[in-house]
Amino acid sequence: MKTSFVSILALATSLMGVMSAPTAEVSIEKRASDPVSLVTNLLASVQVYTAQINTTVATLTPTSSPAEKKAASDAIQKYIKSITAAVVKTTKQVPTKPIAARQ
């Protein structure tokens, strides 16, 4: 049974604990208190990181060296940690009171 590099990478990333310490964040955020703005800003951040992941994966070929695959894996892991940190940060910023109660 053949196993692709991407499936191994996905498994390794999930096992390495993407919830560990956050890395540098993309500064696309505005100070917003309403959930729509928070989610919009989160989406923009996630799109930046997924574009970086796609760019990193696009550099790999079936003949890429183990060192190139390791470097790509490390970079992708960093981006996934950044996405996780952005989600956690946004979750903490969501107001706990319903919108109607804040008015």
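What percentage of the 103 residues of the protein chain count as buried? In this predicted model, 21% of them do. The accessible surface of the chain comes to about 7,200 Å², and carbon and sulfur atoms hold 65% of that area.

The chain contains four helices and zero strands, so its pattern along the sequence reads α-α-α-α. Among contacts with a separation of 6 or more, 68% are between residues 24 or more positions apart.

Helix α2 covers residues 35-58 and helix α3 covers residues 66-93; their axes come within 9 Å and cross at roughly 175°. Because of this angle, α2 is roughly antiparallel to α3. On the α2 side, the contact involves L38, L42, V46, Y49, T50, Q52, I53, T56 and V57. On the α3 side, the residues include A72, A75, I76, Y79, I80 and I83. Sorted by class, the contact of α2 with α3 has 14 nonpolar and six polar residues, and no charged ones.

The structure holds one salt bridge. K70 pairs with D74, and their closest N and O atoms are 2.9 Å apart. Both residues belong to helix α3, where they lie four residues apart, about one turn of the helix. How the two partners are classed by accessibility is shown below.

| Residue | Relative accessibility | Class |
|---|---|---|
| K70 | 51% | exposed |
| D74 | 35% | partly exposed |

K70 counts as exposed because its value is over 50%, whereas D74 falls between 20% and 50% and therefore counts as partly exposed.

How values were computed. Residues numbered from 1 in each chain as written. Predicted model: local features only at pLDDT ≥ 70, side-chain atom pairs only at ≥ 80, totals over all residues. Heavy atoms only, no water. Axes fitted to C-alpha atoms, helices over the stretch in contact; angles between N-to-C directions. Helix = DSSP H or I, 4+ residues; strand = E, 2+ residues; numbered from the N terminus. Parallel < 35°, antiparallel > 145°, perpendicular 65-115°, else oblique. Contact = heavy atoms within 4.5 Å. Nonpolar A, V, L, I, M, F, W, Y, C, P; charged D, E, K, R; others polar. Salt bridge = Lys/Arg side-chain N within 4 Å of Asp/Glu carboxyl O. Buried < 20%, exposed > 50% of the residue type's maximum accessible area, 1.4 Å probe, protein only. Areas by Shrake-Rupley, 256 points an atom, 1.4 Å probe, with all protein chains shown as cover.
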